[in-house]
Each structure stands twice: as structure tokens, then as C-alpha cells.
Amino acid sequence: MAQSYETDVSADFPFTLQHVNVLESYMTYVDTGRPNSNRQEVALLIHGNPVSSYLWRNIIPHLSPQIRCIAPDLIGFGASGKPPIPYLVTDHAAYLSAFISQILPEPNQKVILIVQDFGSLLGFNWASQNQERVGGIAFWEFLRPFESFADFVPEPSQTNYRRFRDEVEGRELIVEQNAMIERVIPNAMLRPITQVEHDHYRKPFLEKSDREVLLRIPSELPIAGSPKDVWDLAVMYTEWLLESEVPKLLFWATPGRLLVQEKAEWYLERLKNVKGVFVGDGLHFLEEDHPHLMGRELVQWIADLQF
């Protein structure tokens with residue numbers, strides 16, 4: 001039964017982060033290990049902006065008895081290193097690819113991707129380049145080629161993201177005022193965020209110098225053909241996603257942010273081998289409002305996958 005939002009959402013992060021050296025820095029990640037089941041696949045959960053592996057704290061416990069779960073902090077996020085790089089999509093893609101190669105080196109091991117927001121761009125890109133390894137993709141509030149700002153998000157978020165992409169105003173809002181953490185996160189979920197939860201999301205970005213990654217990402221989103229390299233990348237992986245027979249699970253909510261009802265219905269009509277799940281009321285961080293519903297649906301979907 002669709003619901004407004006769940007009230008039994010835990011703020012606890014019951015995992016010990018692992019560390020691995022990646023390229024010129026390091027990345028931290030959750031690894032639940034292989035459970036007492038026959039599943040050989042791995043669930044790879046990739047968060048978006050401006051969050052971290054903390055986002056998955058209520059979903060992983062549903063999955064981990066069934067399948068090994070790995071949830072990295074993307075480079076520059078969470079407890080991962082914050083090297084002096086431009087934080088372009090190409091940088092994030094290189095770090096994620098290197099991370100996967102180190103943590104999951106077996107080329108025949110199937111990976112089930114669970115992605116949202118900026119993590120969907122990186123996950124779809126990796127999947128399209130490693131098709132033989134992809135066992136399934138679960139996604140929601142995902143990045144695609146947005147024809148315009150109106151296609152991207154509704155107001156007032158349109159105006160906010162135009163400001164974020166402005167070189168001067170964006171720096172004032174994101175670096176000086178920490179708007180991504182203080183405003184975007186609580187305004188992208190229905191459930192009132194708790195002090196403990198907000199402090200978890202604040203922790204990686206207490207220093208202004210650590211917010212450069214947050215500043216860069218709005219300008220890397222594929223909107224109205226810009227930036228061209230990211231736009232071309234998004235066009236490529238969207239075409240692959242629509243043509244691929246890989247099993248897919250698409251969550252959506254109303255009113256949504258990146259994926260409104262009309263767009264959800266469009267994709268559900270055109271994607272192949274897809275199951276759609278309407279979670280009820282929601283904005284952007286559906287996993288903060290409906291983690292247990294989503295966790296249960298993911299468990300059933302994964303259990304039904306055949307390789």
C-alpha cells in the first residue's frame with residue numbers, strides 16, 4: 001500500500017567502513033560480505049549528490065541476508081579522500097571504475113546495480129561499458145539527457161540550479177553557505193530530517209575546502225546539451241538502457257523531482273524487461289522516505305533474477 005512516508009527510519013549506521021587505495025587517493029565503502037546463501041552476485045549501491053553511503057543504512061539490512069552488498073563513498077564524498085582534482089564526470093567515472101576493478105576483480109562475477117541521482121549517471125555509464133557483468137539495475141530519480149531546465153526539475157529547484165551553475169553565485173551558495181547540505185537535502189525528502197541524520201550528511205563537508213566536489217556537480221549535469229561531453233555520455237547510456245534486455249527495477253513517487261509521473265510512465269512503457277514500483281508520496285530521496293518498502297521490493301526482485 002502506497003504511503004506518505006515511513007516513520008520507522010533509523011538514523012544508525014551499523015556498518016564499519018572499509019578503505020582501499022584508488023588511483024591517487026582512497027575510497028571508503030560498506031562491504032557486508034557474502035551471506036549464507038547461494039547467490040554469487042554482488043549488489044553495488046551507488047549514491048548521488050550531496051550524500052554518501054549513509055543513504056543506504058536502512059536498505060542494506062534488507063538485502064545483506066540475501067546478497068553481498070557493497071556501497072562506496074564516491075571520491076570527494078563521505079569518508080573517501082578529497083584529492084585536488086577537478087571532480088568532473090570523467091574523474092568520478094575513473095575512480096569508480098578503478099574501485100570496482102579492485103574490489104570486484106573477477107570478470108565473470110555479476111553485479112546488480114542499485115543507483116540514484118549522480119550515482120545513476122556513473123552506474124549507467126559503467127554498465128554500458130561492462131554489459132557482460134551486469135545482472136540487473138534498480139534505479140530511481142535518475143539522470144538522463146534533460147532537454148531543458150523545465151525538463152530537469154520543477155520550480156523553485158529550476159531557479160536554484162541555474163544559480164548553482166553560475167560560477168560566482170554557485171560558489172557563494174554551495175561553498176560559502178553550504179546550501180547543498182543545509183537546504184537541498186532536507187527539502188528533497190518529505191520526512192523531517194533528524195539532527196543526527198543531518199549531522200551525518202554535514203560531517204564530510206564541515207570545511208569549505210571540502211565542498212569543491214559539491215560545487216562542480218551541478219555544472220556537470222546534462223541539461224540542454226551542456227556540458228557536451230556529459231550530454232553525449234547521457235545520450236549514449238540512455239539509448240543503451242532503452243535497448244538492453246538487462247532486468248530493471250524502476251521506483252517512482254509523486255510528485256518526484258527528476259522523475260515526475262509522466263516521465264516514469266514514459267520509461268515504463270519503453271524500457272525492456274522492467275518492473276515498476278510506485279512508492280507513494282516522495283520527492284528526490286525516496287530511500288529516506290520509503291527505505292523499508294524499497295528494501296522489500298529489492299529483495300523480491302533480486303530473488304527472482306535468473307542467471
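**Close-up views of two pockets and helix H5**

**View 1. The largest pocket and its lining.** In this predicted model, 25 residues line the largest pocket, and those nearest its centre are Ser 157, Tyr 161, Phe 164, Val 184 and Arg 257. On a 1 Å grid over the protein atoms alone, a pocket is an open set of points where a 1.4 Å probe fits, with protein on both sides within 12 Å along at least five of seven lines, and lining residues have an atom within 4 Å of a point. Two or more lining residues come from each of the elements H5 and H7, and H5 gives the largest share, 5 residues. The pocket holds about 430 Å³ of space, a volume being the space filled by probe spheres set on the points.

**View 2. The buried face of helix H5.** Within helix H5 (residues 157-165), Ser 157, Gln 158, Tyr 161 and Phe 164 are buried, that is, under 20% relative accessible area with a 1.4 Å probe, protein chains only. Because these buried residues fall within an arc of 125° seen down the axis of H5, they line one face of the helix. They pack against helices H4 (149-152), H6 (167-176), H7 (179-187) and H9 (212-220), where contact means heavy atoms within 4.5 Å.

**View 3. The second largest pocket.** This pocket has a volume of about 300 Å³, and of its 19 lining residues Pro 86, Arg 171, Glu 212, Leu 215 and Arg 216 lie nearest its centre. H5, H6 and H9 each give two or more residues to the lining, with H9 giving the most, 5 residues.

**Notes.** Residues are numbered from 1 along each chain as its sequence is written, and side-chain values use heavy atoms, leaving out hydrogens and water. The model is predicted, and local features need pLDDT of at least 70, side-chain atom pairs count only at pLDDT 80 or more, and totals for chains, interfaces and linings use all residues.

Technical notes
Buried means under 20% relative accessible area, exposed over 50%, partly exposed in between (1.4 Å probe, protein chains only). Helices (H or I, at least four residues) and strands (E, at least two) are DSSP runs, numbered from the N terminus. The arc is that of the directions from the helix axis to the C-beta atoms.
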